[in-house]
Amino acid sequence: MTQRSLVIFAIACMLAVAQEVKPEGNIFATASHSAQLSTFASLIKVAGLDDTLEGPGPFTVFAPTDAAFTKLPFATIDVLRMPVHKDMLTKVLTYHVVEGKLSRPLLLRRIEEGHGTAQIRTVGGHTLWLSMQGEEFLLRDEQGNFAKITQTDIRQSNGVIHVIDAVVMPK
């Protein structure tokens, strides 16, 4: 590797670390102060779930990045922000939340106990399936779509956040 390549690699590593979500206190505060989770935080506010995710919990949140929301069909976010679609927005957001604090080691244990797949019940009453692909955690939603967990165990006063690269959807 040339010296120039090493410098470019080092800068890329620093930028990747700078974009990681940092703990801020509670789940909603962290999402609100993260440039990477601003869409998720704004939708939580629109749905009126901010008080819940500031509350005592504990909760595990699989938080989609802003880039994950750009993968949705055109204008989906605008439609979900409309007051007439608040119930639908709430259903989508609560599909990303699980009661309890499911840390990385606990997720691994549940996958192991499930012989490769852990079934997780969301606060909205729906199911997510968690598995491993190599060293990466994968979430499968009720529609058969997958999201990769890109950052785990962002510990909060009221639970834990795991950052995902796609929006998971209930039936």
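Biologist: Let's start with rings: how many aromatic pairs does the count come to?

Modeller: Keep in mind that this is a predicted model. For a pair, the ring centres of Phe, Tyr or Trp must lie within 6.5 Å. By that rule, the number of aromatic pairs is zero.

Biologist: Which ring has the charged end of R140 sitting over it?

Modeller: For an Arg, CZ has to be within 6 Å of the ring centre, and within 35 degrees of the ring normal. The charged end of R140 is 4.4 Å from the centre of the ring it sits over. That ring belongs to W129.

Biologist: And the chain overall, how many helices and strands are there?

Modeller: The chain has 171 residues, and buried ones make up 44% of them. Of the contacts with a separation of 6 or more, 62% are between residues 24 or more positions apart. As for the elements, the chain has eight helices and seven strands.

Biologist: Which residues of helix α3 are buried?

Modeller: Helix α3 spans residues 38–47. Its buried residues have cover that includes α2, α4, β1, α5, α6 and α7. Just after α3 comes G48, with a positive phi of about 80°. The buried ones in α3 are T39, F40, A41, L43, I44 and A47.

Biologist: Over to H162: is it buried or exposed?

Modeller: H162 lies in strand β7, which runs over residues 159–164. Among the residues it touches are T60, F62, L102, L107, I149 and D153. Its relative accessible area is 0%, and the cut-off is under 20%, so H162 counts as buried.

Biologist: Which residue has its backbone nitrogen reached by the side chain of H162?

Modeller: On the oxygen side, the backbone oxygen of L102 lies 2.7 Å from a polar atom of the H162 side chain. The H162 side chain also reaches a backbone nitrogen at 3.1 Å. That nitrogen belongs to D153.

Biologist: T60 came up too, so whose backbone nitrogen does the side chain of T60 reach?

Modeller: T60 sits in strand β1. T60 is buried because its relative accessible area is 0%. Its contacts include H96, V98, G100, L102, V160 and H162. At 2.7 Å, the T60 side chain reaches the backbone nitrogen of L102.

Methods:
Residues numbered from 1 in each chain as written. Predicted model: local features only at pLDDT ≥ 70, side-chain atom pairs only at ≥ 80, totals over all residues. Heavy atoms only, no water. Phe/Tyr/Trp six-rings, centres within 6.5 Å; stacked < 30°, edge-to-face > 60°. Buried < 20%, exposed > 50% of the residue type's maximum accessible area, 1.4 Å probe, protein only. Helix = DSSP H or I, 4+ residues; strand = E, 2+ residues; numbered from the N terminus. Contact = heavy atoms within 4.5 Å. Polar contact = N/O pair within 3.5 Å; in protein donor to acceptor, adjacent residues only side chain to side chain. Lists of a residue's contacts leave out its neighbours within four places in sequence.
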